[in-house]
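Visitor: I have a chain to look at and some questions about how it is put together. Can you walk me through it?

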Amino acid sequence: MIPSKAHGPTYEKDGNDMKTAVKQHVYQLRTVEIALMVGLAIFLGSGVLALRTQEDLADKVVRLHALANSDSEEDQALKLKVRDVVLERATAILEQSADRREAESRLRGELLELERIAAEEIAAEGYNYPVTVELENTDFPTKEYDCFTLPAGEYLALRVIIGEGQGQN
């Protein structure tokens, strides 16, 4: 019998031809399965690599998380001014640190000073909001800056909470 390309191969009723056809079909399925498994492994591997990259960054980065009293334009503008003065002092502290452990220790030792600086800026701007400065592990979404991107994940964060801290970032 002549194979037809339109309908696939046809076979004689010979048992050997059928066994060969079944073996070829099984071989084709295994090839597809192997290709899918390799693709899945690559996909999962890239996810593990991305997670490892985030973990590596989290071991080297302290993020600043300032929360305004509210979403009003005034409160958001105040948040940016408070963020700037806290960031200036925190940067000076971090520049003296050799690693994250030392940075965390130095920041913890200066929390009251950072809170005082933030409170002074709030008062200088004519507001009477309380402020809290704390250091804690915090989940962050992916954040894109001009020159780099920080992947989503948990980072040590210097949190500045102004007033009710109800403003969105």
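Predicted model: local features only at pLDDT ≥ 70, side-chain atom pairs only at ≥ 80, totals over all residues.

Visitor: Among contacts between residues at least 6 apart in sequence, what share joins residues at least 24 apart?

Guide: Start with the elements: helices (H or I, at least four residues) and strands (E, at least two) are DSSP runs, numbered from the N terminus. The chain has four helices and five strands, in the pattern α-β-α-α-α-β-β-β-β. For contacts between residues at least 6 apart, the share joining residues at least 24 apart is 62%.

Visitor: In what order do the three strands of the open sheet sit?

Guide: Strands pair if DSSP finds at least two bridges between them. S1 and S5 (residues 153-162) pair in the parallel sense over six bridges, while ten bridges join S2 to S5 in an antiparallel run. S1 (62-67) and S2 (131-140) are edge strands with a single partner each, so one side of each has no neighbour in the sheet. The pairing is mixed, and the order is S1-S5-S2.

Visitor: Which residue in S5 stands opposite Leu135?

Guide: Two facing pairs involve S5. His65 stands opposite Arg159 in S5. For Leu135, the residue opposite is Leu158.

Visitor: How many of the ten residues of S5 are buried?

Guide: Buried means under 20% relative accessible area (1.4 Å probe, protein chains only). In the chain, 26% of the 169 residues are buried. S5 is largely enclosed by the rest of the structure, because its buried residues number nine.

Visitor: Which element gives the largest share of the lining of the largest pocket?

Guide: A pocket is an open set of points on a 1 Å grid over the protein atoms alone, where a 1.4 Å probe fits, with protein on both sides within 12 Å along at least five of seven lines; lining residues have an atom within 4 Å of a point. Of the 24 lining residues, those closest to the centre are Leu64, His65, Arg83, Lys143 and Tyr145. S1, helix H2 (73-95) and S2 each give two or more residues. The largest share, eight residues, comes from H2.

Key:
Residues numbered from 1 in each chain as written. Heavy atoms only, no water. Buried < 20%, exposed > 50% of the residue type's maximum accessible area, 1.4 Å probe, protein only. Contact = heavy atoms within 4.5 Å.
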